[in-house]
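Here are my notes on the model you passed along. Have it open while you read, and go through the points in order.

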Amino acid sequence: MSSTDVILAGADAYNNEFDAEQYLKDCYQLDQDVVGKDSKNWMVKWLTQIHKVFAKGNLKGKKLLELGAGPCIYATISASKHYDEIVTSDYVKGNREQLTKWRNNDHDCFDWSPHIQIVCDLEGNGETAEERAKTLRERIVDVAFCDALKDPMLPSRNGEKYDAIVAFGVIEEVAPDRNSWLQILACIVKYLNPGGVILLGNSLGSTFYRRGASNNRAFACYKTDRDEVISTLESLGTTILYESMLDLPGDGYFNDRTDKMFVVAQK
């Protein structure tokens with residue numbers, strides 16, 4: 001971090017400063033030569049981790065929520081084979097617009113086909129990226145507004161509960177302090193059906209990230225660690241089914257995380 005950087009926090013900062021298109025270009029453009037190969041690319045690592053969890057076959061149900069998806073669909077590629085209905089959501093209008101463009105298969109939507117192909121190759125059943133994209137689009141029943149710091153988080157969904165809630169790269173990134181961070185986790189667990197699962201992607205040790213911000217601006221993060229995540233989930237009455245460190249430390253410029261953690265817990 002530079003002493004001249006402006007640290008942004010709060011809902012208005014995201015609506016005013018977060019650039020969805022630039023974020024996609026900076027973070028999710030995937031070269032075709034990565035597809036089908038063993039790679040250290042962070043996105044390949046993340047997609048592989050998600051695939052491993054769903055490949056076990058014990059995560060399935062009717063309705064899944066992705067909380068704070070940003071402008072991204074990668075978190076639900078594997079899940080689309082296991083849940084009948086998917087509600088994806090975000091606070092930022094520009095992110096919801098990008099999600100809607102992809103859902104509608106608009107000509108100018110972001111190209112997620114390389115990411116989808118990676119998942120199809122991992123599954124090894126011969127399905128094409130085009131076929132999986134069609135399935136995922138059909139199962140996305142809503143692109144909803146969400147506010148993780150309020151209850152209900154999705155006011156338009158009338159307090160419905162879910163068999164799975166996915167929250168990747170969102171809880172630490174929007175919580176201004178520990179109380180808010182605890183509130184988000186408690187609210188997620190509240191809206192799980194009994195036996196439902198929460199899938200978390202936590203940025204450990206992070207105090208900021210630049211992605212999606214312009215010039216010398218960065219978004220603030222709540223700094224947490226593995227023990228706090230696990231103990232909090234257990235205190236909320238969930239059982240840890242799976243956890244893994246991804247060996248994805250930050251570079252100190254775009255973010256300062258010590259690692260990325262993947263956790264699955266059951267209510």
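1. The buried residues of α8 pack against β5 (162-168), α7 (171-174), β6 (192-204) and α9 (226-235). Those buried residues are Ser180, Trp181, Ile184, Leu185, Cys187, Ile188 and Val189. Here buried means under 20% relative accessible area, exposed over 50%, and partly exposed in between, with a 1.4 Å probe and protein chains only. Helices (H or I, at least four residues) and strands (E, at least two) are DSSP runs, numbered from the N terminus.

2. A word on the source: this is a predicted model, where local features need pLDDT of at least 70 and side-chain atom pairs count only at pLDDT 80 or more, while totals for chains, interfaces and linings use all residues. Residues are numbered from 1 along each chain as its sequence is written, and side-chain values use heavy atoms, with hydrogens and water left out.

3. How does α8 meet α9? Their axes come within 11 Å and cross at roughly 50°, so the two helices are oblique to each other. (Axes are lines fitted to C-alpha atoms, for helices over the stretch in contact, and angles run from 0 to 180 degrees between N-to-C directions; under 35 degrees counts as roughly parallel, over 145 as roughly antiparallel, 65 to 115 as roughly perpendicular and the rest as oblique.) On the α8 side, the contact (heavy atoms within 4.5 Å) is made by Arg178, Trp181, Leu182 and Leu185; α9 brings Glu228, Val229, Thr232 and Leu233.

4. The length of α8 checks out: at 1.5 Å a residue, its 13 residues (178-190) should span 18 Å, and the end C-alpha atoms are 18 Å apart. The expected span is 1.5 Å times one less than the number of residues.

5. At its start, a side-chain oxygen of Asn41 comes within 2.8 Å of the backbone nitrogen of Met43. Buried residues of α3 include Trp46, Leu47 and Phe54. After the helix comes Gly57, with a positive phi near 85°.

6. Some backbone spots to look at. Most residues other than glycine have a negative phi, and most peptide bonds are trans. Asp247, in the loop between β9 (239-245) and β10 (259-266), has a positive phi of about 55°, and at 55% relative accessibility it counts as exposed. The Asp151 to Pro152 peptide bond is cis, with omega near 5°.

Technical notes: A polar contact is a pair of N or O atoms within 3.5 Å; within protein, one must be able to donate a hydrogen and the other to accept it, and residues adjacent in sequence count only if both atoms are side-chain atoms.
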